[in-house]
Amino acid sequence: MIDFRYHLVSLISVFLALAVGVVLGAGPLQNSLGTALNDQVSSLRADRNDLQSRLEQTEAAVNDRDDYITSAADTLLPGVLDGRSVAVVLMPEAEGDDIDQVVTEIETAGATITGRVTLTSAWAETARDSFRSTYSGQFGPYLDDVAADGNAVLGQGLATALTQEGEDATALMELLTASDTPLVTVDAQPSGPADMIVVIGPRTVAAADGSEPTAQATPEQDAAAWTSALTGAASTATTVVVGAGDAAADIVTALRNAEAPVTTVDSIGQATAAVSTPLALAATATGTVGSYGFDDGADAVIPPISH
């Protein structure tokens, strides 16, 4: 049985150990510990400065690369899309600078922008699956060839509304923009039918917990709905989707993983993506569907160059 003397001896041992530690720390070990800590701090400071220097060099190299690519575009792009007209379609969270970059290079290639619309999140909200399936039935009378999937039908309706004229195209745009929660909002009223469509998606958005976003359906969004809708659009008109392809939830990644017959350009936000977009439009117009950029699933870094 453990008695009072046992506890007393244990406490004395603890205090003796503490006293020895204090004496050693203040005496024989003080200099060696201090020297070791100073050496570690100095080493960490040197590593930080080295990393900062490398980061600055990398940023300078990226800026130089982008300047070179943009300058080369002034030689490569003119005439690629002469006489063509392009409708700009924005996905939710597409960034303004990325949009301006892509539009600038399309215009450098000689094309005219006919108008600009934004797709709302209603295209992929899981809570609106039944609504989209039912609502797509109203699009059928205005389409030449109706897809089996409701999301694809909506994409066909979007492409038809942007690339054709007449009562059917007008009726489809009215359906897309109708209700309190429309599928489409009009940013710049189309001046006429377009020959081609460029869809600009967002950059990669990290998950809240820092993990890589996945393409699996969540209670809010289903990436497969976007894939189906954009496939429907591409089946109706010359369409190129430029966006991110880093994570599984990115639109370009989702399209490539689904092996969708849609031309894609990854690395949105980089000069390479903006310059590749008009080249991809030109290639797709000739019947070549491809995947371009640096991420998984890309067939080539840049589309074929032709005038």
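This is a predicted model: local features need pLDDT of at least 70, side-chain atom pairs count only at pLDDT 80 or more; totals for chains, interfaces and linings use all residues.

Reader: Let us start inside. How many cavities of 30 Å³ or more does the structure hold?

Author: The structure holds one cavity of that size, 30 Å³ or more. About 40 Å³ of space lies in the largest cavity.

Reader: Which residues line the largest cavity?

Author: The lining consists of Val-265, Asp-266, Ser-267, Thr-272, Ala-273, Ser-276, Tyr-292, Gly-293, Phe-294 and Val-301.

Reader: And which helix gives the largest share of that lining?

Author: Helix α9, residues 271–285, gives the largest share, with three residues.

Reader: How does the lining of the largest cavity divide into nonpolar, polar and charged residues?

Author: Five residues of the lining are nonpolar, four are polar and one is charged.

Reader: Which of them gives the largest share?

Author: The largest share comes from α6, with three residues.

Reader: Please list the residues that line the second largest pocket.

Author: The pocket is lined by Ala-161, Leu-162, Gln-164, Glu-165, Gly-166, Ala-169, Thr-170, Met-173, Gln-189, Pro-190, Gly-192 and Pro-193. By class, this lining has six nonpolar residues, five polar ones and one charged residue.

Reader: What is phi at Glu-93?

Author: Glu-93 has a positive phi of about 75 degrees, although it is not a glycine. Glu-93 is found in the loop between β1 (85–90) and α3 (96–108).

Reader: Is Glu-93 buried or exposed, and why?

Author: Glu-93 counts as exposed because its relative accessibility is 65%, and the cut-off for exposed is over 50%.

Reader: What about phi of Glu-259, and where is Glu-259 found?

Author: Phi of Glu-259 is also positive, near 55 degrees, in a residue other than glycine. Glu-259 is found in the loop between α8 (251–257) and β6 (263–265).

Reader: Does Glu-259 count as buried or exposed?

Author: Glu-259 has 71% relative accessibility, so it counts as exposed.

Terms used. Residues are numbered from 1 along each chain as its sequence is written. Side-chain values use heavy atoms; hydrogens and water are left out. On a 1 Å grid over the protein atoms alone, a cavity is a set of points where a 1.4 Å probe fits but cannot get out, and a pocket is an open set with protein on both sides within 12 Å along at least five of seven lines; lining residues have an atom within 4 Å of a point. Helices (H or I, at least four residues) and strands (E, at least two) are DSSP runs, numbered from the N terminus. Ala, Val, Leu, Ile, Met, Phe, Trp, Tyr, Cys and Pro count as nonpolar, Asp, Glu, Lys and Arg as charged, and the others, Gly among them, as polar. Buried means under 20% relative accessible area, exposed over 50%, partly exposed in between (1.4 Å probe, protein chains only). Grid points are joined across faces, edges and corners, and a volume is the space filled by probe spheres set on the points.
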